[in-house]
Amino acid sequence: MSRALLAAEAVEAKEVMALAQALVRIPSHYPGPGEEGVVAFLEEYLRARGLAPFRQGVAPGRPNLVADLGEGKGGLILEGHTDVVTPGEEALWTHPPYAGVVEGGRLYGRGACDMKGGLAALVGALLAVKRVLGKPRRPLRLAALVDEEGMMQGVKAFVQGGLARGFRGAVVAEPEEMEACLWQKGALRLRLRFPGRMAHGAMPYAGDNPIPKAARFLVGLAEQEGRWQEAFSHPYLGLPYLTPTRFLASAGEGQLNVIPPWAEVALDVRTVPGMDHDHLVAEVRRLAGVEVEVLEDRPPVETPREDPLVRAAEEALQLLGLPLRLGGVPGATDGTFLRAWAGLPVVVMGPGKKTLPHQTDEWVDLEEVVQAARVYAALAVLFLE
């Protein structure tokens, strides 16, 4: 029997299921308690199993946690995030969002799908590889990072701190129904402010109303989106989108008889490979006639189908009797920066339904979590050896 298959079989199913449940029971949304509780739990959990995890400070009360198996260069990173989104109105949940209820083989709770199930699978895989290989010839690094749901400060600090240096690939355990996602959309978050001049609503000629300017821009933006969608499409990512997500106009608290001094529009722009972000921002600026503030710039990324990491993923799936299903991520992940900034080939592949993240009554199938751990363990051995 191959050592990759031995590693898959070394995954302890009950251990992985119990860990996923324990992680869901620790609230880690931000703003809120943040990730400290999950990090402290995982740190102790890994130490008790013979590993030496260490922290990387990112922001107050928000540390990354890293644990290594083996030393050297050319290794693999297993990456997941420790933060979740807010549960929203808890009374709307069938089961309390942090109770970790298991019913019908499903683990319910905030973060069960996105992505504490995936994080538990990564830990289970790391421990399985340790049981089979001891210290592999090349390093296997678990990276449990903060703030993926926000501005991705965790992965940015991880890369900038040199913690991805010397590695050869990364697996990101986002909920993708175990598709091997080699493509990720880019994201731009833009803010535009249209100037005006306050005046009485009864005498609009005495002021300068910014709202019609902003409205004309939004009409033109929809037309521009249509042109870009005709020019750019991707077989796994679909179409690019230019989505207005905020429209504000106010004078102080805002009064119905006062023309506001400004109007603000925020855009969530999603791009596909082949689109140039600098050109896109310049086009938005031309269309708006005002300056564009770039709040965040996440480029679209892709990993070549023939990369050794993808081949290892395919072989691991085959060993376990599963097909290789290729896919694309409609949003950005921590893998975006591992690819764009660190230059690592990245496969985003994890347990959980794509549409469940951030919903009320979020859940993950525990058998799929265990299956993911087995795939990760086999993939890691194939890649490292």
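Predicted model: local features only at pLDDT ≥ 70, side-chain atom pairs only at ≥ 80, totals over all residues.
I started with the open sheet of four strands, whose order is S11-S13-S9-S14 with antiparallel pairing.

S11 (241-249) and S14 (292-298) are the edge strands, and each of them pairs on one side only. I also looked up the twist, which averages 15 degrees from one strand to the next.

Then I zoomed in on one pair. Strand S9, residues 186-195, goes with S14 in the antiparallel sense, and I find six bridges there. Which residue of S14 is the bridge partner of leucine 188? I got aspartate 297.

What lies across this sheet? I see helix H7 (residues 277-288) across S9, S14 and strand S13 (262-271). H7 runs at about 20 degrees to S9.

Moving on to another sheet. I have an open one of three strands here, ordered S4-S5-S18, and the pairing is antiparallel. Its edge strands are S4 (102-103) and S18 (363-365), each pairing on one side only. Helix H10, residues 366-384, packs on this sheet and touches S4, S5 and S18. I noted its angle too: the direction of H10 makes about 60 degrees with that of S18.

How many bridges join S4 to S5? I count two, with S5 spanning residues 106-108 and the strands running antiparallel.

A reminder for reading both entries: strands of a sheet pair through backbone hydrogen bonds, either parallel or antiparallel.

Notes. Residues numbered from 1 in each chain as written. Heavy atoms only, no water. Pairing = 2+ DSSP bridges. Contact = heavy atoms within 4.5 Å. Axes fitted to C-alpha atoms, helices over the stretch in contact; angles between N-to-C directions.
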